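Please look over the sequence and the model shown here.

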Amino acid sequence: HGPRLSEADAERIAQQVGTDLASSGDLSAVLQMLPIKAVRSPSTRTAIAKALSHVASSGDKANTLQVMAPNADPELLLILVQAAETLPSSGDKANYLLATAAEYLSSGRESLRNAYFHAASTLQSSGDMANVLISAVPYSHATQQIASQIVEGSKGLASSGDTENVLISLVSQRALSPGNNAAILAAIQRTMTMASSGDRANVLIAIAEADLLTNRELRDAFTKAAMALPSEGDRENVLTVAAKSR
């Protein structure tokens with residue numbers, strides 16, 4: 001171990017690497033070696049954000065972000081997730097979000113939570129986005145709003161099957177719990193914009209079987225969603241299950 005890097009040294013290095021190093025790999029290697037404790041001042045952070053923008057390789061940038069995230073404070077985490085949004089590869093971006101879910105979702109900080117779901121909304125692949133949203137489900141036990149944010153995030157999914165997987169995960173992992181009426185209502189209403197009648201019916205059946213229809217507003221919304229099902233058979237199935245679980 002050599003002498004500890006001072007804040008001024010870290011800033012100078014971050015500023016220099018962004019201009020001096022042409023290779024994505026070299027730039028990433030230097031950034032990964034900067035001690036997080038030396039990246040505290042606003043000017044150093046600005047230099048880091050700028051250096052990250054010069055990393056051309058999606059894989060190198062994703063690696064660097066993942067190395068820096070575990071010990072980062074909230075401000076640096078915001079810089080990192082904004083850099084992650086610019087990753088050209090949907091897989092790299094999803095991997096970053098999957099690897100850092102705890103950093104963004106377990107602190108109870110609204111700014112981190114919102115930044116995380118914003119980054120998730122920029123994923124190019126419906127499958128990647130579904131995986132990221134499903135990985136966020138366990139965090140909704142501590143922070144109720146996360147369940148609503150997952151339902152909202154599911155509106156960006158191109159695939160009806162992916163949407164079904166996300167909503168059913170919310171039910172099966174008990175993230176939609178009696179009392180979290182806003183999220184339950186949002187999930188019921190979300191089914192009405194899904195393409196597949198069968199997928200919609202599966203979600204509604206899961207909600208009814210989990211005994212989540214605890215008040216008049218939820219029951220009315222549920223009936224409306226059931227009646228809106230394009231397939232008569234699906235409609236009948238959903239209403240039969242709902243009648244049994246009342």
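The sections below go from the whole chain to single residues.

## Basis of the report

This is a predicted model, in which local features need pLDDT of at least 70 and side-chain atom pairs count only at pLDDT 80 or more, while totals for chains, interfaces and linings use all residues. Residues are numbered from 1 along each chain as its sequence is written, and side-chain values use heavy atoms, with hydrogens and water left out.

## The chain as a whole

The chain has 15 helices and zero strands; these are DSSP runs numbered from the N terminus, with at least four residues (H or I) for a helix and at least two (E) for a strand. Its C-alpha atoms fill a box of roughly 70 × 30 × 25 Å along the principal axes.

Of the 246 residues, 46% count as buried (under 20% relative accessible area with a 1.4 Å probe, protein chains only; over 50% is exposed, and in between is partly exposed). Among contacts (heavy atoms within 4.5 Å) with a separation of 6 or more, 66% join residues 24 or more positions apart.

## The nonpolar core

The largest nonpolar core holds 81 residues, and Leu 80 and Ile 188 have the most contacts inside it. Such a core is a set of buried Ala, Val, Leu, Ile, Met, Phe, Trp, Tyr and Cys residues joined through side-chain atoms within 4.5 Å. Beyond residues up to four places away in sequence, Ile 188 touches Leu 204, Ile 207, Leu 213, Leu 218, Ala 221, Phe 222 and Ala 225.

## Helices H8 and H9

The axes of H8 (residues 110-121) and H9 (residues 126-136) come within 9 Å and cross at roughly 155°. H8 is therefore roughly antiparallel to H9 (angles over 145 degrees count as roughly antiparallel, under 35 as roughly parallel, 65 to 115 as roughly perpendicular and the rest as oblique). Axes are lines fitted to C-alpha atoms, for helices over the stretch in contact, with angles from 0 to 180 degrees between N-to-C directions.

On the H8 side are Tyr 116, Phe 117, Ala 120 and Ser 121, which meet Met 129, Val 132, Leu 133, Ser 135 and Ala 136 of H9.

## Two buried residues

Leu 31 lies in helix H2 (residues 24-33) and is buried, with a relative accessible area of 0%.

Ser 90 belongs to helix H6 (residues 90-99) and counts as buried at 11% relative accessibility. The side chain of Ser 90 reaches the backbone nitrogen of Gln 124 at 3.5 Å.

Technical notes. A polar contact is a pair of N or O atoms within 3.5 Å; within protein, one must be able to donate a hydrogen and the other to accept it, and residues adjacent in sequence count only if both atoms are side-chain atoms.
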